[in-house]
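Hi everyone, thanks for coming. Let me put the model up on the screen and walk you through a few parts of it.

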Amino acid sequence: TRAIIIAASDLAAMAAKPKVFFLSLSLPKKYNIKLIKKLVEGIKVAINLTNLKLAGGDICTYGGPISICVTVIGEANRQEIILRKGAKVGDKLLVTGNIGDAKVGLDCLLKKNYNLSKKEKNILTKKFLVPPILHKFSHSIKKYVNACIDLSDGLVIDSGKIAKNSNCGLRVYSKAIPISEICSKLLIKNILKLEDLVSAGDDYELAFAADQKKIKKIKKIA
């Protein structure tokens with residue numbers, strides 16, 4: 001599921017409509033039917049969430065671990081595509097959701113002890129395993145956005161790419177970064193640092209630059 005959703009995230013960042021995907025699976029030589037069934041279920045979930053259609057691919061076995069390669073194809077009018085460049089001096093940087101939840105979710109899957117409740121762990125691991133589906137939202141705001149990127153490498157690195165490609169500087173205020181209640185609790189207890197959250201990847205939220213005058217309209221759509 002995750003492999004397909006994160007591949008489709010690039011389409012959301014460009015306000016492109018998901019169309020089809022190609023899936024290549026390299027399976028270990030000694031695989032079992034349970035693994036295949038789990039893969040099939042995961043593919044079905046991803047198709048339902050993204051509205052992508054499976055167009056083809058390849059399956060093989062080899063001497064290594066399971067390997068999944070996904071290629072997605074989307075559709076958009078050339079004039080309406082949102083790029084990583086285009087931000088202007090004075091634009092505001094906005095993000096669609098909390099930063100760092102997926103990082104802590106992955107840590108929980110790797111058995112790192114944050115002294116969280118079972119419910120809190122489930123919330124965060126789901127944020128990692130099933131990234132947000134934001135194609136409809138990006139399509140709805142494309143007229144009001146100057147540049148956009150999906151946060152695969154972390155807020156600092158990816159928003160920096162918008163600034164660099166737009167020949168602008170960027171200032172991020174720590175107090176303005178959206179952090180979930182769970183991660184805020186970890187920050188207060190000094191279990192995590194804010195730098196850990198903003199430099200970690202895997203959020204797959206959208207970060208975009210927009211004119212101050214357009215923010216009210218964007219928030220209304222959101």
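In which sense do strand 1 and strand 2 pair, and over how many bridges? Before I answer, a word on what you see: this is a predicted model, in which local features need pLDDT of at least 70 and side-chain atom pairs count only at pLDDT 80 or more, while totals for chains, interfaces and linings use all residues. Residues are numbered from 1 along each chain as its sequence is written, and side-chain values use heavy atoms, with hydrogens and water left out.

Now the answer: strand 1 (residues 17-28) pairs with strand 2 in the parallel sense, over nine bridges. Pairing takes at least two DSSP bridges, and strands (E, at least two residues) and helices (H or I, at least four) are DSSP runs, numbered from the N terminus. Phe21, for instance, has Leu54 in strand 2 as its bridge partner.

These strands belong to an open sheet of three, ordered 2-1-3, with mixed pairing. Strand 2 (53-62) and strand 3 (67-75) are its edges, each pairing on one side only.

What lies across strand 1 and strand 3? Helix 1 (residues 2-13) does, at about 30° to strand 3, and helix 2 (residues 33-50) does, at about 170° to strand 1. Those angles run from 0 to 180 degrees between N-to-C directions, using lines fitted to C-alpha atoms, for helices over the stretch in contact, and contact means heavy atoms within 4.5 Å.

Lastly, Ile99: beyond its neighbours within four places in sequence, Ile99 touches residues including Leu151, Leu155, Ile177 and Leu197.
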